[in-house]
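User: Hello! I am new to this structure and would like to learn how to read it, feature by feature. Could you walk me through it?

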Amino acid sequence: MVRALFLCAGLFLAAASAVAQVPAPPAPAQAPPSAAPPKAWNSMSPEQQQLLHGYQDKWESLPPERQQALAKGSQRWLSMSPDQRSSAQQRFTQWRAMPPEQRQQLRQRWQQFKSMPPEQQQRVRESFNRFRQMPPERRMELRKQWRQMSPAQRRGVIPRPAPRRNH
């Protein structure tokens, strides 16, 4: 139980921060240039255009995958409740305050999570939900234990995902 909680705490605390983005997340570096068709400025709703007004003058010069990411992010932002927007903005502020090395580490952890088989991802999500439902004192206690562990001890707690086989 504690092992699963440490796993979820380590991965999901990292993952939650890693995915915290403003409405205009950066395009993934590994996407091929032809992955997404360009998104015409006029094809977006007036609300999206208002949200992305700072990009209007340079929209046509942006790579198509960046345009797609901005359009998708603006749609996601507009679909959020005020509380969700506030929470997302707070997480993004925390993300921007992190040193670049820490952000890179969180991106790597997120990729590690995404490389897990779906069943293992689901187990991690369930463990994380159990962690979130614990009293704050217990969560703090587990975080303290995690911070006091050596890197070797942490590696022993977090199982490495098995490599996926290509069929």
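Predicted model: local features only at pLDDT ≥ 70, side-chain atom pairs only at ≥ 80, totals over all residues.

User: Against which helices do the buried residues of α3 pack?

Analyst: Residues are numbered from 1 along each chain as its sequence is written, and side-chain values use heavy atoms, with hydrogens and water left out. Now to packing: a contact means heavy atoms within 4.5 Å, and buried means under 20% relative accessible area, exposed over 50%, and partly exposed in between (1.4 Å probe, protein chains only). Here, the buried residues of α3 pack against α2 and α4. Among those buried residues are L70, G73 and W77, along with E65 and R66.

User: How many helices and strands does the chain have?

Analyst: Helices (H or I, at least four residues) and strands (E, at least two) are DSSP runs, numbered from the N terminus. This chain has eight helices and zero strands. Of its 167 residues, 33% are buried. Looking at contacts with a separation of 6 or more, 68% come from residues 24 or more positions apart.

User: What span does α4 reach, and what is expected?

Analyst: The expected span of a helix is 1.5 Å times one less than its number of residues. Helix α4 covers residues 82–97, which makes 16 residues, and reaches 23 Å from its first C-alpha to its last, close to the expected 22 Å.

User: Which residues of α4 are buried?

Analyst: They are A88, F92 and W95. The buried residues of α4 fall within an arc of 55°, so they line one face of the helix. On the face turned away from this buried side you will find the exposed residues P82, D83, Q90 and A97.

User: Which residues of α7 are buried, then?

Analyst: In α7 the buried residues are R139, L142 and W146. Their arc around the axis is only 65°, which puts them on the same side of α7. The face turned away from the buried side of α7 carries exposed E137, M140, R147 and Q148. As for length, α7 has 13 residues and reaches 18 Å between its first and last C-alpha, close to the 18 Å expected.

User: How many salt bridges does a search of the whole structure find?

Analyst: A salt bridge is a side-chain nitrogen of Lys or Arg within 4 Å of a carboxyl oxygen of Asp or Glu. The search finds one. It joins the side chains of E141 and R138, at 2.7 Å from N to O. Both residues lie in α7, three residues apart, about one turn of the helix. E141 is partly exposed at 40% relative accessibility, and R138 is partly exposed too, at 28%.

User: How many aromatic pairs does the structure hold?

Analyst: Rings of Phe, Tyr and Trp (its six-membered ring) pair if their centres lie within 6.5 Å; planes under 30 degrees apart count as stacked, over 60 as edge-to-face and the rest as tilted. There are three such pairs. One of them is W41 with W59, edge-to-face at 5.3 Å centre to centre and 70° between the planes. W41 sits in the loop between α1 and α2, and W59 in the loop between α2 and α3, so the pair ties together parts that are 18 residues apart in sequence.

User: Are W41 and W59 buried or exposed?

Analyst: W41 is buried at 8% relative accessibility, and W59 is buried at 1%.

Methods. Arc of directions from axis to C-beta.
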